[in-house]
Amino acid sequence: MIVVAGEALIDLVPQGTGALAALRPALGGGPYNTAVALGRLGSPTAFCSRVSSDAFGEALLDRLRETGVDLAPVQRGSEPTTLAVASVDAEGSAAYSFYVEGTADRLFSVPASLPSGTRAVSFGTCSLVLEPGASAYEELLHRTAARGVFTALDPNVRAGLIADPDAYRARFESWLPSVTLLKLSAEDAEWLGGTPRQWLAAGPAAVVVTRGGAGLTAYTRDGGEYTVPGERVDVVDTIGAGDTVNAALLHGLAQRDALSASALAALGAEGWRGLLGFAARAAAVTCSRAGAEPPYAHEVAG
């Protein structure tokens with residue numbers, strides 16, 4: 001079982017140009033997309049979050065059910081669902097503004113336990129920024145790592161939500177001793193102001209940096225550096241691409257029985273390039289269609 005911990009929200013995606021373009025609601029949130037992608041790839045997955053009981057919340061859970069994701073860890077609340085208004089540029093890259101005050105996912109509390117058989121827990125995005133939920137997710141991260149469970153972190157920085165960038169950067173560094181696999185985009189890395197080697201020294205067994213169409217690079221504690229190119233595809237938009245990479249990495253590691261720091265160290269060049277290539281193919285499928293629509297297993301076989 002891979003548990004994904006974090007927010008579920010609604011993306012409002014413009015259907016034209018200009019500030020008053022019609023907005024189409026789409027199911028989203030970085031952790032939510034990761035859980036959907038893991039389910040579609042065939043990994044046993046559970047979602048750990050707090051979801052509104054409003055109509056948007058029900059729609060979010062319906063997709064998880066359809067994908068086979070275990071909802072036992074989901075907490076419910078009567079507060080509204082978080083909204084993220086997307087804007088998409090000419091290259092398909094998305095930016096967001098958020099409506100988060102008083103929403104359900106901010107009130108997440110630390111669960112007493114995780115599903116039996118949990119092999120890995122994935123964290124990231126808005127859930128680690130917005131209080132009081134952020135402190136609860138942070139506690140769950142440290143508690144999970146202390147039990148020896150594989151942890152993955154994708155900060156997926158949303159700068160507009162971060163009131164004090166320096167405080168957030170310091171908090172990010174405090175998470176690293178509890179992280180097994182750190183995945184982040186080149187843009188995130190630039191904003192955070194560190195380097196893969198610095199982050200590896202703080203705790204993770206591996207760091208994966210994504211560079212859009214330029215591909216992905218994995219850095220390991222033993223000095224390894226493994227790069228694969230991006231897959232060529234006609235990009236519709238990039239919504240959910242990074243979340244798909246998260247899921248593909250976790251799924252691929254589970255398939256290789258490599259959800260541990262020692263197993264990451266033993267992957268070697270061939271193992272890492274195979275894993276990164278799989279993640280690149282999965283992300284390309286997501287980029288080829290509108291919204292966060294990650295691939296099913298048969299779409300990335302081979």
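Colleague: How many salt bridges does a search of the whole structure find?

Modeller: The search finds 13 salt bridges. Please note that this is a predicted model.

Colleague: Which residue forms a salt bridge with Glu79?

Modeller: Arg50 does, and the closest N and O atoms of the pair are 2.7 Å apart.

Colleague: Is Arg50 buried or exposed?

Modeller: Arg50 counts as buried, because its relative accessibility is 14%, and the cut-off for buried is under 20%.

Colleague: Turning to helix H2, what separates Arg65 and Asp62?

Modeller: About one helical turn, because they are three residues apart in helix H2 (residues 55-67). Arg65 and Asp62 form a salt bridge, with the closest N and O atoms 2.8 Å apart. Arg65 is partly exposed at 44% relative accessible area, and Asp62 is partly exposed at 36%.

Colleague: And where are Arg119 and Asp257 in the chain?

Modeller: Their side chains meet in a salt bridge of 2.9 Å, N to O. This pair links distant parts of the chain, 138 residues apart: Arg119 is in the loop between strand S8 (94-99) and strand S9 (120-124), and Asp257 is in the loop between helix H7 (241-255) and helix H8 (261-266). Arg119 is partly exposed, with 34% relative accessible area, whereas Asp257 is exposed, with 59%.

Colleague: Which residues do salt bridges with shared partners join into one network?

Modeller: That network consists of Arg40, Arg63 and Glu293.

Notes: Residues numbered from 1 in each chain as written. Predicted model: local features only at pLDDT ≥ 70, side-chain atom pairs only at ≥ 80, totals over all residues. Heavy atoms only, no water. Salt bridge = Lys/Arg side-chain N within 4 Å of Asp/Glu carboxyl O. Buried < 20%, exposed > 50% of the residue type's maximum accessible area, 1.4 Å probe, protein only. Helix = DSSP H or I, 4+ residues; strand = E, 2+ residues; numbered from the N terminus.
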